[in-house]
Each structure stands twice: as structure tokens, then as C-alpha cells.
Amino acid sequence: MTELLGKWDNFYVIVGSAAGALIGLQFVVLTLIAERPSTGTAEAGAAFASPTIVHFYHCVVVVGALQVPWQTINVIAILWSLTGLCGAIYTLLVVRRMQKQSAYKPMFEDWMFHVLLPLIAYVGLALTFFATPGHTTEALFGVGGAALLLLCIGIHNAWDNVSYHVLVVRAGRHKGKNE
């Protein structure tokens, strides 16, 4: 098993490091834009900013856990499956938060990057558990794909959040719900 996971070392180091660094960068950006909060910021943050950190976090957890020298793949398969299940449940919570907040009216792109793509990544991650016993190599590709998708979703959402705050809110073009 070590030689199978060893082939993935560089991939997981790159993805995990990128997710960890982007978590820190998101904190810096939120600190910089915190000086001028607008109405409904807390609810919108829970709907749009927090999921970005959660996706990066799950990415770090999955790739970090894969670096542990497990005796069998089954233990890590349970862990990444539970991570996928928790992420899918969290994504459903995000749907409720997106509908509840009033600071911004979500568009198709928001639904795609905050709901659809994360659900695909998390459900795919959870389902790899079933492929692991007989198709370990394919399961690892599924885990790698889910981790990479979560990283890309997080990058997109972080950029979207920052550009919205800089180009719309700070520029005084914020119109709230009718954006």
C-alpha cells in the first residue's frame, strides 16, 4: 500500500499546501474588508465566505490523512468517506443559508460553485469508499479528483468574494438583494 500512496505524494503535498495557504490568505482578506461591513454581512458571510474555508479545510484533512502511514487503506477510506458525507450535509446547510440571507441575490454561478460542484465533490468523495476494496487505484483517483475540485471551488469562491467586496461593495455599487 505504501508504494501505491507514495506515487501520490507530490500531488497531495501540492494540493494540501495550496489549500492551507489559501485558508490563511482568506483570513487576511476578510480582515482587510472588515472595516466597512454592510447590512446582512454576517448572514451572507455564513452563506458565501465560510463554505470556502470549509472546502479548503476538507481538502487539507483528506490529503493530510493520506500522508499518514496507515496499515491498510480501509481506515483512510472510512475517514475520507465520512469527510465526504459531512461535506455533503454542510453543503445542504449552505443552501438554507443562501436562501435565508438578504444581502445578495444568488445567481446561477453562485448556485453552481456553492452547491452543485461541492455536492459533486463531496458525494464523489463519500462514494469512493465503495470502490476502495477492489479498485484502490481508481478510488485514489476519485479522492484526488474530489480534493482538486474542492481546491478549485475554493479558489473560485475566494476570488468571487474578494472581487465582489472590492468592486461592488467598496465602490458603492451595492444594491443588496436586487444586485
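T83 lies in helix α4, which spans residues 73–100, in what is a predicted model. With a relative accessibility of 8%, T83 counts as buried, because the limit for that class is under 20%.

**Surroundings of T83**

- The side chain of T83 makes a polar contact with the backbone oxygen of L79, at 2.9 Å.
- Once neighbours within four places in sequence are set aside, T83 is in contact with H58, V61, V62, Y122 and L125.
- One of these partners, Y122, is also among the residues with the most contacts inside the largest nonpolar core.

**Nonpolar cores**

- The largest nonpolar core comprises 16 residues, and F48, M98 and Y122 have the most contacts inside it.
- Four helices, namely α3 (41–65), α4, α5 (108–131) and α6 (136–169), each contribute at least two residues to this core.
- Helix α4, where T83 is found, gives the largest share of this core, with five residues.
- Another core, of twelve residues, lies apart from the largest one; A65, I73, A77 and A139 are among its members.
- M98 touches A47, F48, P106, D110, W111, H114 and V115, when residues up to four places away in sequence are not counted.
- As general background, nonpolar side chains in soluble globular proteins tend to be buried together.

**Aromatic rings**

- The structure contains one aromatic pair, formed by F129 and F130.
- F129 is partly exposed, at a relative accessible area of 31%, whereas F130 is exposed, at 63%.
- F130 falls in the exposed class because its value of 63% is over the limit of 50%.

**Cysteines**

- The structure has zero disulfides.
- C152 takes part in no disulfide, and the nearest cysteine sulfur, belonging to C59, is 9.1 Å away.
- The sulfur atoms of C152 and C59 do not qualify as a disulfide because they are 9.1 Å apart, while the cut-off requires them to be within 2.5 Å.
- C152 is partly exposed, with a relative accessible area of 42%.
- C86 also counts as partly exposed, at 47% relative accessibility.

Methods
Residues numbered from 1 in each chain as written. Predicted model: local features only at pLDDT ≥ 70, side-chain atom pairs only at ≥ 80, totals over all residues. Heavy atoms only, no water. Buried < 20%, exposed > 50% of the residue type's maximum accessible area, 1.4 Å probe, protein only. Polar contact = N/O pair within 3.5 Å; in protein donor to acceptor, adjacent residues only side chain to side chain. Contact = heavy atoms within 4.5 Å. Core = buried A, V, L, I, M, F, W, Y, C linked by side-chain atoms within 4.5 Å. Phe/Tyr/Trp six-rings, centres within 6.5 Å; stacked < 30°, edge-to-face > 60°.
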